[in-house]
Amino acid sequence: MIPRASNEASAAALLDEYVASLMPLRQRVALISGANRGIGFETAKQLGSQGMTVLLGARDLAAGEKAARELRRSGAEVLAVQLDVTSQAQVDALKSKIDSEYRRLDVLVNNAGGFYDPASRASTMDIDIARDVLDTNLMGAWRLSEMAVPLMRRHGYGRIVNVSSGCGSMACEGPESPAYRVSKAALNALTRAFAAELIGSGILVNAVCPGWVATRLGGRGGRAVSEGAAGIVWAASIDEPAPTGQFFRDGQSIAW
């Protein structure tokens with residue numbers, strides 16, 4: 001029986017909760033940023049194979065639609081959405097779209113990022129480029145997480161996965177790629193801040209390092225993309241009781 005409520009607004013909220021409680025994993029909705037290629041694409045593929053509805057975020061919508069078509073051939077429910085994580089207007093528009101069409105968001109994978117430049121050094125770094133790195137790798141994840149939390153709170157369930165890097169760990173020191181390194185360290189700190197705020201809400205927030213993966217960013221020599229994405233998918237679909245505010249690689253906790 002659907003629970004009664006004293007007014008239309010609370011009745012609608014209760015109905016949402018009731019319907020959500022009946023929806024199996026296969027009907028959950030996931031958003032992945034930067035998902036038209038590389039680790040994001042593989043994450044979309046693996047979450048889609050679980051039966052989730054996957055919103056494949058891409059700055060270039062045409063590239064996103066091409067990727068989504070490829071994934072739909074395997075039977076996955078994948079829809080490309082325009083998403084530049086540095087644009088608040090696009091994030092706001094996407095929130096409205098998700099709210100009106102799905103009325104829920106269960107999984108957010110903050111994958112969009114880049115700017116790995118081993119040759120750069122902190123003492124000679126172009127500050128404008130460093131600002132761009134932070135805007136994408138850190139603030140992009142922050143914008144999307146702020147967008148996602150109200151949609152997740154609606155049903156008391158959510159998984160936010162921040163795709164980080166081992167070089168963002170304070171336990172890993174080195175001079176190369178300083179802007180990238182700092183952005184990922186800050187993303188780890190953001191992970192802990194969101195996780196602490198959301199304890200008890202049903203929303204888990206974790207950072208995941210996919211390891212060195214053979215992608216356009218990682219270059220040749222890394223492991224298969226499917227292996228790197230598997231740890232992200234694990235954190236995106238983990239059941240409670242489960243950890244929150246932690247840093248993982250391949251499902252194992254690693255040092256901050």
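Ala76 is buried, with 12% relative accessible area, in a model that is predicted. A residue counts as buried when this value is under 20%, so Ala76, at 12%, falls in that class. Ala76 sits in the loop that joins helix 3 to strand 3. Along the chain, Ala76 and Lys45 are 31 residues apart, yet their C-alpha atoms are separated by 7.6 Å.

Gln27 lies between helix 1 (8-22) and strand 1. Gln27 is partly exposed, at 31% relative accessibility.

The largest nonpolar core has 29 residues, and Leu47, Leu56 and Val109 have the most contacts inside it. Several elements give two or more residues to this core, including strand 1 (29-32), helix 2 (38-49), strand 2 (53-58), strand 3 (77-82) and strand 4 (107-110). Helix 3, strand 5 (158-163) and helix 7 (225-237) are also among them. Helix 7 gives the most, with five residues.

Helix 3 also has a place in the description of the surface. Lys66 is found in this helix, which spans residues 61-72. Lys66 has 58% relative accessibility and therefore counts as exposed, the limit for that class being over 50%. Together with Arg69, Arg72 and Arg73, Lys66 forms a surface patch of positive charge.

Side chains of opposite charge can pair when their charged atoms come close. The structure holds six salt bridges. One of them joins Arg131 to Asp128, with 2.8 Å between the closest N and O atoms. Why are Arg131 and Asp128 separated by about one helical turn? They are three residues apart in helix 5 (residues 127-153), so about one turn of the helix lies between them.

Another salt bridge links Asp135 and Arg143, where the closest N and O atoms are 2.7 Å apart. Asp135 is partly exposed at 22% relative accessible area, whereas Arg143 is buried at 16%. In a further salt bridge, the side chains of Glu176 and Arg181 meet at 2.8 Å, N to O. Glu176 counts as partly exposed, with 26% relative accessibility, and Arg181 is buried, with a relative accessible area of 12%.

The last topic is the backbone. Most residues other than glycine have a negative phi, and most peptide bonds are trans. Which residue has a positive phi of about 70° although it is not a glycine? That residue is Phe115, and its place is in the loop between strand 4 and helix 5. Phe115 is partly exposed, at 41% relative accessibility. Asp250 is not a glycine either, and its phi is positive, at about 55°. Asp250 lies in the loop between strand 7 and strand 8 (252-253) and is partly exposed, with a relative accessible area of 41%. The peptide bond from Glu240 to Pro241 is cis, with omega near 0°. Pro241 belongs to the loop that runs between helix 7 and strand 7 (247-249).

Conventions. Residues are numbered from 1 along each chain as its sequence is written. This is a predicted model: local features need pLDDT of at least 70, side-chain atom pairs count only at pLDDT 80 or more; totals for chains, interfaces and linings use all residues. Side-chain values use heavy atoms; hydrogens and water are left out. Patches are made of residues with over 30% relative accessible area and no salt bridge: like charges are joined within 9 Å, nonpolar side chains (Val, Leu, Ile, Met, Phe, Trp, Tyr) within 5 Å. Accessible areas come from the Shrake-Rupley method with a 1.4 Å probe; for residues, only the protein chains shown count as cover. A salt bridge is a side-chain nitrogen of Lys or Arg within 4 Å of a carboxyl oxygen of Asp or Glu. Lys and Arg count as positive and Asp and Glu as negative; His and the chain ends are not counted. The place of a charge is taken as NZ of Lys, CZ of Arg, CG of Asp or CD of Glu. Helices (H or I, at least four residues) and strands (E, at least two) are DSSP runs, numbered from the N terminus. Buried means under 20% relative accessible area, exposed over 50%, partly exposed in between (1.4 Å probe, protein chains only). A nonpolar core is a set of buried Ala, Val, Leu, Ile, Met, Phe, Trp, Tyr and Cys residues joined through side-chain atoms within 4.5 Å.
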